[in-house]
Amino acid sequence: MQEIKIPCPVCGSDEAVLFEKNLNIPYYSDFFMTSIICKKCGLRSTDFRNLHSSDHTRWTYKVTSLDDFETKVVRASTGIVEIPEIGVKVEPQMMPETWIKNIEGLLLHFQEKIAIFLQEDDDHIVKEAKKRISIIGDLLQGKGEFTIIVEDPNGNSLIIPYDDSKLHKEILSKNK
Ligand SMILES: [Zn+2]
């Protein structure tokens with residue numbers, strides 16, 4: 001693990017520290033987790049960086065059995081994660097969440113996000129949210145197949161597959 005003092009990107013103080021750690025992921029040896037911690041303003045942010053490639057990449061993995069639940073998704077700040085069968089998608093935003101989750105964690109994450117819509121006044125939205133929560137409940141028990149799509153314009157998000165023969169990679173554009 002490497003530690004570097006940097007100016008804080010939020011408050012500008014010189015009390016921020018950047019940590020860089022190689023995650024030693026199989027097949028992606030140059031994949032790093034970067035954290036910035038500032039003692040002055042309390043900033044804590046984590047992101048991921050692929051030193052091997054910065055191409056705009058789309059990864060696709062079809063989950064067909066509970067074994068596939070060992071597959072993991074790394075979501076960097078620029079990553080888009082989608083499960084088309086349930087019509088859910090995480091996209092970059094102002095303060096993006098970055099994480100590494102296995103398939104169960106990913107499904108629970110989407111379920112939590114959708115549950116927010118249960119508070120809406122619109123009956124149609126509530127009905128639609130309930131339907132999706134129930135579909136995710138079935139998927140969590142291994143009932144049904146679904147596709148994980150991870151796209152990142154900077155190549156910093158990944159799928160770490162349970163079965164690498166099932167992982168499909170597309171380079172959408174080259175970045176130099
Ligand atoms: Zn700060």
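Helices (H or I, at least four residues) and strands (E, at least two) are DSSP runs, numbered from the N terminus. By this criterion the protein has two helices and twelve strands. Along the sequence they follow the pattern β-β-β-β-β-β-β-β-β-α-α-β-β-β. The model is predicted; local features need pLDDT of at least 70, side-chain atom pairs count only at pLDDT 80 or more, and totals for chains, interfaces and linings use all residues. Residue numbers start from 1 along each chain as its sequence is written.

The C-alpha atoms fill a box of roughly 50 × 45 × 30 Å, taken along the principal axes. A residue is termed buried if 20 or more other C-beta atoms lie within 10 Å of its own, exposed if 12 or fewer, and partly exposed in between, with C-beta atoms placed from the backbone. Of the 176 residues, 22% count as buried. Two residues are in contact if their C-beta atoms, placed from the backbone, lie within 7 Å. Among contacts with a separation of 6 or more, 62% join residues 24 or more positions apart.

The protein is divided into domain 1 (1–52) and domain 2 (54–176). These bounds come from an automatic or database domain assignment. The domain centres, taken over C-alpha atoms, are separated by 24 Å. Eight residues from domain 1 and eleven residues from domain 2 make the contact. For classification, Ala, Val, Leu, Ile, Met, Phe, Trp, Tyr, Cys and Pro count as nonpolar, Asp, Glu, Lys and Arg as charged, and the others, Gly among them, as polar. On the side of domain 1 that touches domain 2, four residues are nonpolar, two are polar and two are charged.

Strands of a sheet pair through backbone hydrogen bonds, either parallel or antiparallel. Here, two strands are taken to pair if DSSP finds at least two bridges between them. Four strands form an open sheet in the order β1-β2-β3-β4, with antiparallel pairing. β1 (2–6) and β4 (44–50) are the edge strands, and each pairs on one side only. Neighbouring strands of this sheet are turned by 20° against each other on average, direction ignored. The axes behind this angle are lines fitted to C-alpha atoms, for helices over the stretch in contact, and angles run from 0 to 180 degrees between N-to-C directions.

Strands β2 (residues 16–22) and β3 (residues 31–38) pair over seven bridges. Ala16 has Cys38 in β3 as its bridge partner. Asn22 stands opposite Phe32 in β3. In the loop between β2 and β3 lies Asn24. Asn24 has a positive phi of about 50° although it is not a glycine. Asn24 counts as exposed because it has 9 C-beta neighbours inside 10 Å. β3 and β4 also pair over seven bridges. Met33 has Phe48 in β4 as its bridge partner. The hairpin of β3 and β4 has five residues between the strands, and Gly42 there takes a positive phi near 85°.

A nonpolar core is a set of buried Ala, Val, Leu, Ile, Met, Phe, Trp, Tyr and Cys residues joined through C-beta atoms within 7 Å. The largest such core has 24 residues, of which Val73, Ile148, Val150 and Ile159 touch the most other members. Two or more residues each come from β5 (56–63), β6 (72–75), β7 (80–83), α1 (103–115), α2 (123–140), β10 (146–152) and β11 (158–160). α1 gives the most, with five residues. Not counting residues up to four places away in sequence, Ile148 touches Tyr61, Val63, Val73, Ile83 and Ile159.
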